[in-house]
Amino acid sequence: MPLPPAPTKRAALLAPEAYSLKSNDDAFDGAASSQPNPPPALRVEAPAPAPVKAGIEPTKPAARPRKTDTAPPVKRATVAAPQPVTARVAPPAPRLPFPTPTPAALAPHAGARRRGGKAASHGATRLFVLDTNVLLHDPMSLFRFEEHDIYLPMIVLEELDGHKKGMTEVARNGRQTSRTLDALAAQQGSDMAKGLKLSATGHQTARGLLFFQTEPLNAELPSSLPQGKADNQILGVVHALREKHPEREVILVSKDINMRVKARALGLAADDYQNDKTLEDGELLYAGALALPQDFWTRQSKTIESWQSGSHTFYRVSGPAVGHFYINQFVYFEAPGEPALYARVTEIRDKTAVLKTLKDFTHLKNAVWGVTSRNREQNFALNLLMDPEVDFVTLAGTAGTGKTLMALASGLTQVLDDRRYTEIIMTRATVSVGEDIGFLPGTEEEKMGPWMGALDDNLEFLAKGDGGNAGDWGRAATNELIRSRIKVKSMNFMRGRTFMNKYVIIDEAQNLTPKQMKTLITRAGPGTKIICMGNLAQIDTPYLTEGSSGLTYAVDRFKGWPHGGHITLARGERSRLADYASEVL
C-alpha cells in the first residue's frame with residue numbers, strides 16, 4: 001500500500017532540521033536524557049527506527065519537545081517517534097495548524113471561484129473548452145456557464161481573427177467577441193495565467209474564470225487525423241487538458257456535429273451549446289389552446305359566476321385547472337351531449353380566472369373579407385387577429401393551415417373597412433430552398449416580388465370575393481386599391497425604422513434568429529400590430545432548429561402577456577392532396 005503524499009510546504013511549527021532522520025534521533029535522545037531516571041516501561045515503548053527504504057518518506061514529528069516542560073517529555077517523544085515501515089503506512093499524517101493542500105487544490109483550474117474569490121461550497125466546477133463556432137453563434141456564450149470555467153485554445157483566437165471581416169452576422173459576432181475578450185483581458189490586475197474573472201464586465205451570473213492557452217500543450221492524437229487542421233488542434237488541447245488536470249471534468253463545447261463525434265471517438269467529453277435553445281423539444285412549445293377536463297363543469301357547479309357584457313358572456317372559475325392558464329390562452333370544452341364552450345382567458349387572480357366567450361367566425365355574418373374559419377383553431381386565430389387590444393400575434397402551423405390568408409383578410413378589413421391601420425407592411429426572410437438565383441434587378445419592392453408569391457396567391461383569392469358581376473374593370477379597380485395599401489419591404493433595411501399605425505405581417509418567421517426577431521418587433525410604434533407566421537417544420541436557415549428559431553423564441557417570451565396571443569393551427573384546409581402530403585412525406 002503506497003504512503004500518502006507528503007505536505008507540499010513545511011508547517012510553521014516545525015524546525016528545518018526536524019525533517020532529517022538524524023535530527024529525529026537527536027530529538028528523542030535529548031528528550032530521554034532530560035530525565036535522570038526515565039521509567040523503563042516508557043523506554044521500551046519507543047523502539048528504534050527501522051531503516052528507511054528508498055522512495056519512502058519518514059514520518060514527521062509533531063514538534064520538538066522542550067526541556068522545561070513540566071509533563072514527562074518521554075511520553076511526548078513516544079507519541080511522535082517514527083514507527084516501523086509496516087506500521088507507518090496506515091496512520092494518518094500528523095495534525096498541522098492548517099489543513100494541508102492537496103495536489104488537486106494546487107492545480108491551476110481547481111476550485112469554483114464565486115463572487116469575491118470564494119470557492120463554491122457544492123460540487124466541483126467543470127472546465128469547458130469552447131469551439132470557434134460557439135463564439136461566432138452567440139458572442140455572449142462566455143457568460144452562460146455560471147460558476148464553471150472556460151478555456152480558449154490559441155487556434156480559436158486565430159479563427160476568430162479570420163472571421164471578423166465583412167458585414168455578415170457571423171462577422172459581426174466575431175468582432176463583438178473580440179471586443180469582449182479585450183475588455184476581460186484589460187481589467188486591472190488581471191493575470192491570464194491565473195485566469196480572468198468573467199464577472200469583471202458586469203455579468204454577475206458568470207462566476208467562473210476565463211483561461212487562455214499561454215503555453216504549448218502536447219497530446220498524441222491518432223496519426224490518421226491531420227495535425228494542421230484547426231478542429232484537430234482543438235481536440236489535442238482538450239486531450240492535453242484532461243491529462244494535465246485529471247481531477248477536473250474537461251468538456252468540449254461545439255456546434256459542429258462532426259467535431260463532437262470525433263471527440264467522443266477519441267474518448268473525450270463533448271456537448272452541444274444548449275443555451276441558445278428556447279426549448280429542448282419542439283413538442284413542448286406553447287400551443288395557445290387548452291382542452292378543459294370532462295368534469296370541469298361538475299367541479300364548478302357551486303363556485304361558478306357568470307355575467308353578460310354585450311355579445312360576450314364571462315365566467316369566473318376556480319379549481320386546479322386555473323394553475324395551467326395563461327392570459328389570452330384559449331380554452332374549450334367539447335363533450336358529447338353537452339353544449340360546447342370556446343373562450344379566452346382574460347384575467348387570472350390567485351386561484352380564479354375569468355373566461356370570455358369568443359366571436360363565432362365560422363358564421364357567414366362574421367366573415368372577414370369574405371373568409372370564414374373552417375375549424376376551431378382558425379376561429380381562435382381570427383379572434384386574435386381582429387382584436388384591437390392584441391398588438392402581437394404569432395401563428396404556427398403546417399403548410400395549408402390558412403396562416404397567410406387569415407392574416408391578409410384581417411389586415412384588409414381593418415385597413416380598408418375599419419380604418420384602424422393606415423396600411424399593410426409585409427416582409428419575410430429571404431432564405432432560398434435550393435440554390436440562389438443571384439441578384440435581382442429593380443427597386444426594393446421589385447426585388448422582393450419573387451419572394452412574395454404567397455402574397456400574390458392569397459390576394460388573387462381575396463380580390464375575387466363575390467364581386468364577379470363587377471366585370472373586369474371592377475376587379476382591376478379593387479386590385480389597384482388593395483395594392484396601394486400593401487407595401488412589401490425587405491428586412492435588410494428595417495434597422496432604425498418606426499412603424500406607426502401599421503399592420504405588419506412577418507411571413508416565414510421560422511427562418512429568423514432570435515436577434516432578427518427582436519430587431520423586427522422593436523420597430524413597432526404607437527397603434528401598430530405585428531403578425532408573425534411560420535412553420536417550424538420548414539426551417540431552411542443553417543444552424544437553426546425548432547428549439548432555437550426566432551419564432552419559438554417569440555412564442556415562449558410573449559406567452560401570458562395581456563396584449564399578445566399565440567395559436568398553433570393543427571388542421572390543413574388547402575386540399576386533400578396537401579393534407580396527405582404533409583402527413584406521409
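Predicted model: local features only at pLDDT ≥ 70, side-chain atom pairs only at ≥ 80, totals over all residues.
Leaving out neighbours within four places in sequence, Thr180 touches Leu142 and Phe143, where contact means heavy atoms within 4.5 Å. Residues are numbered from 1 along each chain as its sequence is written, and side-chain values use heavy atoms, with hydrogens and water left out. Here's a quick tour of the rest.

**The whole chain**

- You'll find 18 helices and 18 strands in the chain; helices (H or I, at least four residues) and strands (E, at least two) are DSSP runs, numbered from the N terminus.
- Of the 585 residues in the chain, 41% are buried. Buried means under 20% relative accessible area, exposed means over 50%, and partly exposed is in between (1.4 Å probe, protein chains only).
- Take the contacts between residues at least 6 apart in sequence: 68% of them join residues at least 24 apart.

- Thr180 sits in helix α7.
- With a relative accessibility of 14%, Thr180 counts as buried.

**Helix α8**

- Helix α8 has 15 residues and spans 21 Å from first C-alpha to last, close to the 21 Å expected at 1.5 Å a residue. The expected span is 1.5 Å times one less than the number of residues.
- Most of α8 is covered, with 11 of its 15 residues buried. Among them are Ala230, Ile234, Val237, Val238 and Leu241.
- Those buried residues pack against β1 (127-130), β2 (149-152), α6 (154-162), β5 (250-253) and α9 (257-265).

**Salt bridges**

- Side chains of opposite charge can pair when their charged atoms come close. Here, a salt bridge is a side-chain nitrogen of Lys or Arg within 4 Å of a carboxyl oxygen of Asp or Glu, and the count by this rule is 22.
- Lys515 pairs with Glu169, and their closest N and O atoms are 3.7 Å apart.
- Lys244 and Glu215 form a salt bridge of 2.2 Å, N to O. This one links distant parts of the chain, 29 residues apart: Lys244 is in helix α8 (residues 230-244), while Glu215 is in the loop between β4 (209-212) and α8. Lys244 is partly exposed at 39%, and so is Glu215 at 37%.
- Arg344 and Asp387 form a salt bridge of 2.6 Å, N to O. Arg344 lies in strand β11 (residues 341-349) and Asp387 in the loop between α11 (376-385) and β13 (392-397), so the pair ties together parts that are 43 residues apart in sequence. Arg344 is buried, with a relative accessible area of 8%, and Asp387 is buried as well, at 14%.
- Glu305, Arg316, Glu347 and Arg349 are joined in a salt-bridge network.
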